[in-house]
Amino acid sequence: MKEINHILQELRIDRDLTQKDLANYLGIAQQTYSNYETGTREIPIPILIQLIQFYQVSADYLLGIPPKFPGSSDMTRQYVDGISMNHLILEAQSLTRTNRRDLVRYIAFLKMHNQLK
């Protein structure tokens with residue numbers, strides 16, 4: 001399970017933001033925000049709420065709670081063609097940030113394509 005500080009750092013980097021950008025948004029010192037990302041300081045609930053709203057993610061995601069998928073909560077069970085959801089996620093995480101963005105765009109394209117059928 002990923003720690004919240006690593007998740008925060010990934011979210012920030014994926015959006016090409018600096019710690020100073022987030023600190024300004026949250027109304028806190030850059031050093032305070034840095035302490036959240038390094039895990040040396042606990043994040044107050046009101047700040048967590050602001051981060052959830054800013055990144056538009058669920059509290060479960062930000063807190064590193066593994067997602068549950070409709071039909072099965074077993075991430076190791078076969079999902080498609082002998083591959084598990086866990087494997088798909090690990091593969092996606094191994095991609096570069098640019099490739100992950102391309103993957104998200106491709107998924108959106110496939111969803112749109114299916115709606116046109």
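Tutor: Start with exposure. Buried means under 20% relative accessible area, exposed means over 50%, and partly exposed lies in between (1.4 Å probe, protein chains only). Two notes on the source. This is a predicted model, where local features need pLDDT of at least 70, side-chain atom pairs count only at pLDDT 80 or more, and totals for chains, interfaces and linings use all residues. Residues are numbered from 1 along each chain as its sequence is written, and side-chain values use heavy atoms, with hydrogens and water left out.

Student: Why is Q56 called exposed?

Tutor: The relative accessibility of Q56 is 73%. Exposed means over 50%, so Q56 counts as exposed. Q56 lies in the loop between helix 4 and helix 5 (59-63).

Student: What makes the phi of Q56 worth a remark?

Tutor: Most residues other than glycine have a negative phi. Q56 has a positive phi of about 55°, although it is not a glycine. D16 is another case: its phi is near 55°, a positive value in a residue other than glycine. D16 sits in the loop between helix 1 and helix 2.

Student: Is D16 buried or exposed?

Tutor: D16 has a relative accessible area of 52%. The cut-off is over 50%, so D16 is exposed.

Student: What counts as a helix or a strand here?

Tutor: Both are DSSP runs, numbered from the N terminus: helices are H or I with at least four residues, strands are E with at least two. By that rule the protein has seven helices and two strands. From the N terminus on, the elements run α-α-α-α-α-β-β-α-α.

Student: How do you know that R100 and D14 form a salt bridge?

Tutor: The rule asks for a side-chain nitrogen of Lys or Arg within 4 Å of a carboxyl oxygen of Asp or Glu. The side chains of R100 and D14 meet at 2.7 Å, N to O. R100 lies in helix 7 and D14 in helix 1, so the pair ties together parts that are 86 residues apart in sequence.

Student: Why are R100 and D14 called partly exposed?

Tutor: R100 has a relative accessible area of 27%. D14 stands at 24%. Partly exposed lies between the buried and exposed limits, so R100 and D14 are both partly exposed.

Student: How many salt bridges does the rule give?

Tutor: The count comes to five. One of them joins R97 and D16, at 2.2 Å from N to O. That pair links distant parts of the chain: R97 in helix 7 and D16 in the loop between helix 1 and helix 2 (19-26), 81 residues apart. D16, R97 and R101 are linked in a network of salt bridges.

Student: Where do R105 and D102 lie?

Tutor: Both are in helix 7, three residues apart, about one turn of the helix. R105, at 54% relative accessibility, counts as exposed. D102, at 39%, counts as partly exposed.

Student: What makes Y106, F109, L110, M112 and L116 a patch?

Tutor: Patch residues have over 30% relative accessible area and no salt bridge; like charges are joined within 9 Å, and nonpolar side chains (Val, Leu, Ile, Met, Phe, Trp, Tyr) within 5 Å. These five form a nonpolar patch on the surface. Together they have about 530 Å² of accessible area, found by the Shrake-Rupley method with a 1.4 Å probe, where for residues only the protein chains shown count as cover. F109 is one of them. It has 44% relative accessibility, so it passes the 30% limit and counts as partly exposed.

Student: How do you know that helix 1 and helix 4 meet?

Tutor: Contact means heavy atoms within 4.5 Å. I4, L8, L11 and R12 in helix 1 meet L48, L51 and Y55 in helix 4.

Student: How much of the protein is buried?

Tutor: Buried residues make up 24% of the 117 residues.
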